[in-house]
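Let's take a friendly walk through a protein model. Keep the 3D view open and turn it as you read.

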Amino acid sequence: MRREYAQEPPIVSVVQLNPAECEIMLRENVTTEKRDGGDMGPEVGQITAYLADEYTIIVPWREGIEEAVKANFSEWLTIARKREVDALLPAKLSEITAACHAAIVNGCTVTVTGGSNEHFSLEETDQINLNAAYSAVEQGADGYPYHADGQLCRIYPAADINAIAAAATAHKLYHTTYCNHLLMWARRTTSADELTTIFYGATLPEDLAANMAQVIADASGN
């Protein structure tokens, strides 16, 4: 992760934690920024702040490990990046999955007969009830009892039941498909910084966005 230092940091630091283990800190992309140090004290005028991407791993201690890390810096950096991502990934996957569930059950708005817009939540029980209503009209019923959020139950004509069911199906398809692609993006990332940019609602990378659009089009018969 990106960190700030008062002095230029070494690209490799090794701290022995105990007789058996040590902490290795690897740094890359070191940059500087000029900061206002104020007009009092030892930091009058501008000061230099150092920033770097820092990765920390704990490994078995051995003599000469710092020199070994410096000699194979790129390999150790790859290991450290992967460990950092692996540590953060489970929480990110859970965050995305929970957001997808919340988006689905929040439901969708449908324009019904008469031109009014009504909102229908899609909790699991709502989906079961809607499936029952849809099955009834598919079998020839002229209408079926149902209700919009916060409204009394009433008989919706078959056309409205079909419209609500179609909207619910499209709503769920979109979010489950988007969630799948978002999870794939998170799983393939190689840096913690990129992982922090992945959230529910984020724009997918070009290749994933194209694949998702094709899936939605195929599923919709377009």
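This report covers strands, aromatic rings and a surface patch.

## Before we start

The model is predicted, so local features need pLDDT of at least 70, side-chain atom pairs count only at pLDDT 80 or more, and totals for chains, interfaces and linings use all residues. Residues are numbered from 1 along each chain as its sequence is written, and side-chain values use heavy atoms, with hydrogens and water left out.

## Strands side by side

Helices (H or I, at least four residues) and strands (E, at least two) are DSSP runs, numbered from the N terminus. Two strands pair if DSSP finds at least two bridges between them. Strand S2 (residues 12-16) pairs with strand S3 (residues 21-36) in the antiparallel sense, over five bridges. Four residues lie between S2 and S3 in this hairpin. Look for Ser13, which stands opposite Met25 in S3.

S3 also runs antiparallel to strand S4 (residues 46-60), and 14 bridges join them. Here Arg27 has Glu54 in S4 as its bridge partner.

## Rings that meet

Rings of Phe, Tyr and Trp (its six-membered ring) pair if their centres lie within 6.5 Å; planes under 30 degrees apart count as stacked, over 60 as edge-to-face and the rest as tilted. The whole structure holds four aromatic pairs. Tyr174 and Tyr178 form a stacked pair, 6.1 Å centre to centre with 5° between the planes. These two tyrosines are four residues apart in helix H4 (residues 158-188), so about one helical turn separates them. Are they buried (under 20% relative accessible area), exposed (over 50%) or partly exposed (in between; 1.4 Å probe, protein chains only)? Tyr174 is partly exposed at 40% relative accessibility, while Tyr178 is buried with a relative accessible area of 4%.

Tyr178 also forms an edge-to-face pair with Tyr200, at 5.0 Å centre to centre and 80° between the planes. This pair links distant parts of the chain, 22 residues apart: Tyr178 is in helix H4, and Tyr200 is in the loop between helix H5 (192-196) and helix H6 (206-220). Elsewhere, Phe120, Tyr146 and Tyr156 form one aromatic cluster.

## A nonpolar patch

Val15, Leu17 and Ile58 form a nonpolar patch on the surface. Val15 is found in strand S2 and counts as partly exposed, at 38% relative accessibility.

Technical notes. Patch = residues over 30% accessible without salt bridge, like charges linked within 9 Å, V, L, I, M, F, W, Y side chains within 5 Å. Areas by Shrake-Rupley, 256 points an atom, 1.4 Å probe, with all protein chains shown as cover. Salt bridge = Lys/Arg side-chain N within 4 Å of Asp/Glu carboxyl O.
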